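Me: I have a sequence and a model open side by side. Can we go through the main features in quick questions and answers?

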Amino acid sequence: MAAPTQTATPSMWSEEELAEVRGMLQSEIDQLNADIHRHETEIASGDVTQGAGDDQADAGAKTYEREREIALTLNARDLVAQNERAIARIDAGTYGVCESCHKPIGKERLQAFPRATLCVACKQKEERR
């Protein structure tokens, strides 16, 4: 009798699927780095003396815009780090494994959020803390 062939479970990833996820994450990193560069350029172009003579509303609006650009830059940097971490997990062969319970992360969860490091159950526990 022939040995049963191993069939892929829904939580397993093929090499092609992992390559596709890796490419998508890298593409997002490239786009985010372009956004970071654009935001940093906008921040740097905001001269401190530029607002001299502005009324309070104009000065407040400029401050708000500068803080907004800084927040967008920090958020983009965080997403780059998350994407790089996901790529490192793909390279290490640990992509799709929960960092808390070490069980597989559902494939659907990773398709919706490829940077996920926790399964749904562990993420819910974390959010309750």
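**Zinc finger annotations and fold**

Me: In the predicted model, how far apart are the end C-alpha atoms of residues 93-128?
Reply: This span is 42% helix and 0% strand. UniProt, in an unreviewed entry, lists residues 93-128 as "domain: Zinc finger DksA/TraR C4-type". The end C-alpha atoms of the span lie apart by 29 Å.

Me: What about residues 98-122: how far apart are their end C-alpha atoms?
Reply: An unreviewed UniProt entry annotates residues 98-122 as "zinc finger region: dksA C4-type". The span is 36% helix and 0% strand. Its end C-alpha atoms are separated by 8 Å.

Me: What share of the contacts with a separation of 6 or more comes from residues 24 or more positions apart?
Reply: The protein has 129 residues, and buried ones make up 25% of them. Among contacts with a separation of 6 or more, the share from residues 24 or more positions apart is 60%.

Me: Is V80 buried or exposed?
Reply: V80 sits in helix α2. Its relative accessibility is 8%. The cut-off for buried is under 20%. Therefore V80 counts as buried.

Me: How far apart in space are V80 and I36, C-alpha to C-alpha?
Reply: Beyond neighbours within four places in sequence, V80 is in contact with I29, L32, N33 and I36. V80 and I36 are 44 residues apart in sequence. In space, their C-alpha atoms are apart by 9.8 Å.

**Pocket**

Me: Which helix supplies the largest share of the lining of the second largest pocket?
Reply: This pocket has a volume of about 160 Å³. Both α2 and α4 (120-128) supply at least two lining residues each. The largest share is 3 residues, and the helix is α2.

Me: How many charged residues are in that lining?
Reply: The lining residues are Q82, R85, R89, R109, F113, R115, A116, T117, L118, K123 and E126. By class, 3 are nonpolar and 2 are polar. The number of charged residues is 6.

**A loop residue**

Me: What is the phi of H102?
Reply: Most residues other than glycine have a negative phi. H102 is not glycine, yet its phi is positive. The value is near 65°.

Me: Is H102 buried or exposed?
Reply: H102 lies in the loop between α2 and α3 (107-112). Its relative accessibility is 59%. The cut-off for exposed is over 50%. So H102 counts as exposed.

Terms used
Residues numbered from 1 in each chain as written. Predicted model: local features only at pLDDT ≥ 70, side-chain atom pairs only at ≥ 80, totals over all residues. Heavy atoms only, no water. UniProt positions renumbered as here; feature names shortened; annotations may be inferred. Helix = DSSP H or I, 4+ residues; strand = E, 2+ residues; numbered from the N terminus. 1 Å grid on protein atoms, 1.4 Å probe; cavity = no way out; pocket = protein on both sides within 12 Å on 5 of 7 lines; lining within 4 Å. Points joined across faces, edges and corners; volume = space filled by probe spheres on them. Nonpolar A, V, L, I, M, F, W, Y, C, P; charged D, E, K, R; others polar. Buried < 20%, exposed > 50% of the residue type's maximum accessible area, 1.4 Å probe, protein only. Contact = heavy atoms within 4.5 Å.
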